[in-house]
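Subject: Structure for you, with notes on pockets and helix packing

Hello,

Here is the structure I said I would pass on. My notes on it follow below.

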Amino acid sequence: MVQISSAWNSREGAPLGRNRYLELQIKKASTNDERAKLSAFQKPCDKMTEAIVTDGGNRGHIVKVCPDPACRVHRPDAPSPEQVERERAAERKRIQKEKLAITTRHRILATILQRVSAPLKKVDLQAIAQYLVARLSYNQVPALAKRHKVEVKKDSDSAQELLAKQVGTYDESELGKLLLEISLLDSAYQRFTASSGDVLMDAAKRYRVDTEKLQKAVAKEFAAKRDKKAVKPKVRRSAA
């Protein structure tokens, strides 16, 4: 006798889960009209068999079930074995075509990289810059736009679109600086993490930037601004 479980899925060699059978409650119909009104689970089929429930509240009960996933009586919408095989063949063909396309594009990329020489050409630098600008984070867009004096006006393109257009006018030197700027932007605004390190300071060492001297200059500027704000002009009183 077939063993069935109240659980949905079933493992190999275990009782059938509910996804593998349909419990039936057969009703007899004396006329064709009555037979037509019966629900699918009330109709018999040639694969119908008795089964014993192995768990749950009905454990030990004997019920009638249809264990055929392609039963035309109880699963009329289920695809036929031939249709399933056609769909599987079409899916295999699609996957193979996709793998072929991806592998070909990977091979094209590898061949391109083999032919790249330093320094990169302007058009290559523009391609990299356009790619990076299009993928700037929410916080990076306004910061970079401000640094490049890009103003967003009413009914104009977004800051990201304006940046992309402006990048198209840069020469090789400006593009190189922009690429490095984007890579250091988060660190400059202190959005770096301890795991990634302070890439801004690492770059400063490479370019021999005297960071202590710059820090003193900035502190001096801040102090001058504070002193200026502290000096308030005297308000003249009108004669009585």
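The largest pocket holds about 250 Å³ of space. Please keep in mind that this is a predicted model. The residues lining the largest pocket are Leu184, Leu200, Met201, Ala203, Ala204, Val209, Thr211, Leu214, Gln215 and Val218. Two elements, α7 (199–206) and α8 (211–230), each give two or more residues to that lining. By class, the lining of the largest pocket is made up of eight nonpolar and two polar residues, with no charged ones.

The second largest pocket has about 200 Å³ of space. Around the second largest pocket are Arg147, Gly176, Lys177, Leu180, Glu181, Leu184, Leu185, Ala188 and Leu200. Which helix gives the most to this lining? That is α6, with seven residues. Here the classes come to five nonpolar, one polar and three charged residues.

Two packed helices are described by the angle between their axes and the distance between the axes.

α3 and α6

Helix α3 (residues 122–134) packs on α6 at an angle of about 30°, and the axes are 10 Å apart. With angles under 35 degrees counted as roughly parallel, α3 is therefore roughly parallel to α6. The crossing of α3 past α6 is left-handed. On the α3 side the contact is made by Lys122, Leu125, Gln126, Ile128, Ala129, Leu132 and Val133, and on the α6 side by Glu172, Leu175, Leu178, Leu179 and Ile182. Nine of the residues in the contact of α3 with α6 are nonpolar, one is polar and two are charged.

α4 and α6

Helix α4 (residues 140–147) and helix α6 (residues 172–188) have their axes 11 Å apart and pack at an angle of about 135°. The two helices, α4 and α6, are therefore oblique to each other. In this case the crossing, α4 past α6, is right-handed. From α4, the residues Gln140, Ala143, Leu144 and Arg147 meet Leu178, Glu181, Ile182, Leu185 and Asp186 of α6. The contact of α4 with α6 has five nonpolar residues, one polar and three charged. Leu178 and Ile182 of α6 meet α4, and Leu178 and Ile182 also take part in the contact with α3.

α6 and α7

The axes of α6 and α7 cross at roughly 125° and come within 8 Å. That angle makes α6 oblique to α7. In this contact Leu180, Ser183, Leu184, Ser187 and Ala188 of α6 meet Val199, Leu200, Ala203 and Arg206 of α7. Six of the residues in the contact of α6 with α7 are nonpolar, two are polar and one is charged.

Regards

Conventions: Residues are numbered from 1 along each chain as its sequence is written. This is a predicted model: local features need pLDDT of at least 70, side-chain atom pairs count only at pLDDT 80 or more; totals for chains, interfaces and linings use all residues. Side-chain values use heavy atoms; hydrogens and water are left out. Axes are lines fitted to C-alpha atoms, for helices over the stretch in contact, and angles run from 0 to 180 degrees between N-to-C directions. Helices (H or I, at least four residues) and strands (E, at least two) are DSSP runs, numbered from the N terminus. Angles under 35 degrees count as roughly parallel, over 145 as roughly antiparallel, 65 to 115 as roughly perpendicular and the rest as oblique. A crossing is left-handed if the near helix is turned anticlockwise from the far one by less than a right angle, and right-handed if clockwise. Contact means heavy atoms within 4.5 Å. Ala, Val, Leu, Ile, Met, Phe, Trp, Tyr, Cys and Pro count as nonpolar, Asp, Glu, Lys and Arg as charged, and the others, Gly among them, as polar. On a 1 Å grid over the protein atoms alone, a cavity is a set of points where a 1.4 Å probe fits but cannot get out, and a pocket is an open set with protein on both sides within 12 Å along at least five of seven lines; lining residues have an atom within 4 Å of a point. Grid points are joined across faces, edges and corners, and a volume is the space filled by probe spheres set on the points.
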